[in-house]
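Subject: Structure handover and side-chain notes

Dear colleague,

I am passing on the structure that we discussed, together with my notes on its side chains. Please read the notes with the coordinates open beside them.

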Amino acid sequence: MSKASYEDKLKDPRWQRKRLEIFQRDGWKCWNCGDEKTTLHVHHLEYGEGEPWEIDNDLLRTVCENC
């Protein structure tokens, strides 16, 4: 069985739930600049072992695509 690519893992429902959780926690705005209109992403402050959705929420931040 082949391993899923990182891109495939970001499509996983577990990551999608985690992503929404982080957006909600951060008030749907960029952690750095406060932008609420630009496309938002969840940024990992550290990459550890395991799957993207297993990362502790304290190591995840909402950022706009400009930051």
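The notes below go through the core, the aromatic rings, the charged pairs and the cysteines.

Please keep in mind that this is a predicted model, in which local features need pLDDT of at least 70 and side-chain atom pairs count only at pLDDT 80 or more, while totals for chains, interfaces and linings use all residues. Residues are numbered from 1 along each chain as its sequence is written, and side-chain values use heavy atoms, with hydrogens and water left out.

Core

The largest nonpolar core has 11 residues, namely W15, I22, F23, C30, L40, V42, W53, I55, L60, V63 and C64; such a core is a set of buried Ala, Val, Leu, Ile, Met, Phe, Trp, Tyr and Cys residues joined through side-chain atoms within 4.5 Å. Buried here means under 20% relative accessible area, exposed means over 50%, and partly exposed is in between, with a 1.4 Å probe and protein chains only. Two or more residues of this core come from each of α2 (13-25), β1 and β2, where helices (H or I, at least four residues) and strands (E, at least two) are DSSP runs numbered from the N terminus. As general background, nonpolar side chains in soluble globular proteins tend to be buried together.

Once its neighbours within four places in sequence are set aside, F23 is in contact (heavy atoms within 4.5 Å) with W28, L40, H41, V42 and T62.

Aromatic rings

There are 2 aromatic pairs in the structure; rings of Phe, Tyr and Trp (its six-membered ring) pair if their centres lie within 6.5 Å, and planes under 30 degrees apart count as stacked, over 60 as edge-to-face and the rest as tilted. The ring centres of Y6 and Y47 are 6.5 Å apart and the planes are at 70 degrees, so this pair is edge-to-face. Because Y6 lies in helix α1 and Y47 in the loop between β1 and β2, the pair ties together parts that are 41 residues apart in sequence. Y6 is partly exposed at 39%, whereas Y47 is exposed at 60%. For F23 and W28, the centres are 5.1 Å apart and the planes are at 40 degrees, so that pair is tilted; W28 is partly exposed, at 41%.

Charged groups

The count of salt bridges is 4, each being a side-chain nitrogen of Lys or Arg within 4 Å of a carboxyl oxygen of Asp or Glu. One of them joins E51 and K9 at 2.9 Å, N to O, and this pair links distant parts of the chain, with E51 in the loop between β1 (40-44) and β2 (60-64) and K9 in helix α1 (residues 6-9), 42 residues apart. Another joins R14 and D12 at 2.8 Å, where R14 is partly exposed at 42% and D12 is buried at 16%. Separately, the charged end of R61 sits over the ring of W31, 4.1 Å from its centre; the rule asks for NZ of Lys or CZ of Arg within 6 Å of the ring centre and within 35 degrees of the ring normal.

Cysteines

A search of the whole structure gives 0 disulfides, a disulfide being a pair of cysteine sulfur atoms within 2.5 Å. For C30, the nearest cysteine sulfur is that of C67, 3.7 Å away, and for C33 the nearest is that of C30, at 3.8 Å. C30 is buried at 3% relative accessibility, while C33 is partly exposed at 48%.

Best regards
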